[in-house]
Amino acid sequence: MRLVLLGPPGAGKGTQAARLVKKHDAPQLSTGDMLRAAVAAKTPLGLKAKALMDAGSLVPDDVVIGLIDERLDSPDCARGFILDGFPRTVAQAEALQDLLDRRGLSLDAVLELAVDEGALVDRMRKRVDETLAAGGAVRADDNPESFKMRLEAYRAQTAPVSAHYAGRRQLTKIDGMAPIDEVTAAVDRALVDATVGRG
Ligand code: ADP
């Protein structure tokens, strides 16, 4: 299963990706997680990305395209992968197409979790509260100012990615406002349709 999950920050991509990983035995490729690992390890890339991420801005396309290019060659990606948080710009979507073409691969589906914008800030706050209650570390970009920037980056740079895939008839929209299990059921149905549609 080769899949792209689209949706604004707080849409529930990570939650659904974790379930898809179990079900399809394919890894979740989250550029956000890869970048946070680079920041934590203080690699040159991490040091460069940190300020942009903390502010809620996107890191340059070539950085994330490079991360995905490298990751796609890992043996665990042979069975497929769930892309979460990539592509986030139309340029990244075009680069992904190239990376897949070069490997003779194609996407099975592109799913967008659609969520009312008003609900997203509340979800972020809830995530912060739950993380603190569990004694965990809150993400540096889970604060109101950075979150506002993340939403703006989404609107300006990532919403066009949905239109890009819709224009290619690859996009399936899922209601991300439904309870988590219902979203999972809708995702499963969309994947069956996508695979059947392909014959
Ligand atoms: P979110 O929960 O906001 O979707 P992620 O964990 O996917 O967050 O990403 C966190 C941050 O990492 C982003 O705000 C951005 O700075 C950077 N980032 C992650 N993926 C990409 C990408 N594909 N292109 C550019 N920047 C990215």
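**Helix contacts, ligand and loops**

Me: Which residues in H6 meet Pro144, Phe147, Arg150, Leu151 and Arg155 in H7?
Reply: This is a predicted model, where local features need pLDDT of at least 70 and side-chain atom pairs count only at pLDDT 80 or more, while totals for chains, interfaces and linings use all residues. Residues are numbered from 1 along each chain as its sequence is written, and side-chain values use heavy atoms, leaving out hydrogens and water. With contact meaning heavy atoms within 4.5 Å, the H6 residues that meet those of H7 are Glu117, Leu120, Val121, Met124 and Arg127.

Me: How do the residues of the contact of H6 with H7 divide?
Reply: Ala, Val, Leu, Ile, Met, Phe, Trp, Tyr, Cys and Pro count as nonpolar, Asp, Glu, Lys and Arg as charged, and the others, Gly among them, as polar. The H6–H7 contact then gives six nonpolar, no polar and four charged.

Me: At what angle do H6 and H7 pack?
Reply: H6 covers residues 117-133 and H7 residues 144-167, both being DSSP runs (H or I of at least four residues for helices, E of at least two for strands). Axes are lines fitted to C-alpha atoms over the stretch in contact, with angles from 0 to 180 degrees between N-to-C directions. H6 and H7 are therefore oblique, a class left over once under 35 degrees is roughly parallel, over 145 roughly antiparallel and 65 to 115 roughly perpendicular. The axes are 11 Å apart, and the angle is about 140°.

Me: Are H4 and H5 roughly parallel or oblique to each other?
Reply: H4 (residues 61-71) and H5 have axes 10 Å apart and pack at an angle of about 25°. The pair is therefore roughly parallel.

Me: Which residues of H5 make the contact with H4?
Reply: H4 passes H5 in a right-handed crossing. From H4 come Asp61, Val64, Ile65, Ile68 and Asp69. Their partners in H5 are Ala91, Gln92, Ala95, Leu99 and Arg102.

Me: How far apart are the axes of H2 and H3?
Reply: These helices span residues 31-40 and 44-55. Their angle is about 115°, and the axes are apart by 8 Å.

Me: Which residues are closest to the ligand?
Reply: The ligand is surrounded by 19 residues, each with a heavy atom within 4 Å of it. The closest are Thr31, Arg36, Ser57, Gln92 and Arg150.

Me: Which residue has a positive phi although it is not a glycine?
Reply: Most residues other than glycine have a negative phi. The exception here sits in the loop between helix H1 (13-24) and strand S2 (28-30). With a phi of about 55°, it is aspartate 25.

Me: Where is proline 87 found?
Reply: The peptide bond from phenylalanine 86 to proline 87 is cis, with omega near 0°. Proline 87 lies in the loop between strand S3 (81-84) and helix H5 (90-102).

Terms used. A crossing is left-handed if the near helix is turned anticlockwise from the far one by less than a right angle, and right-handed if clockwise.
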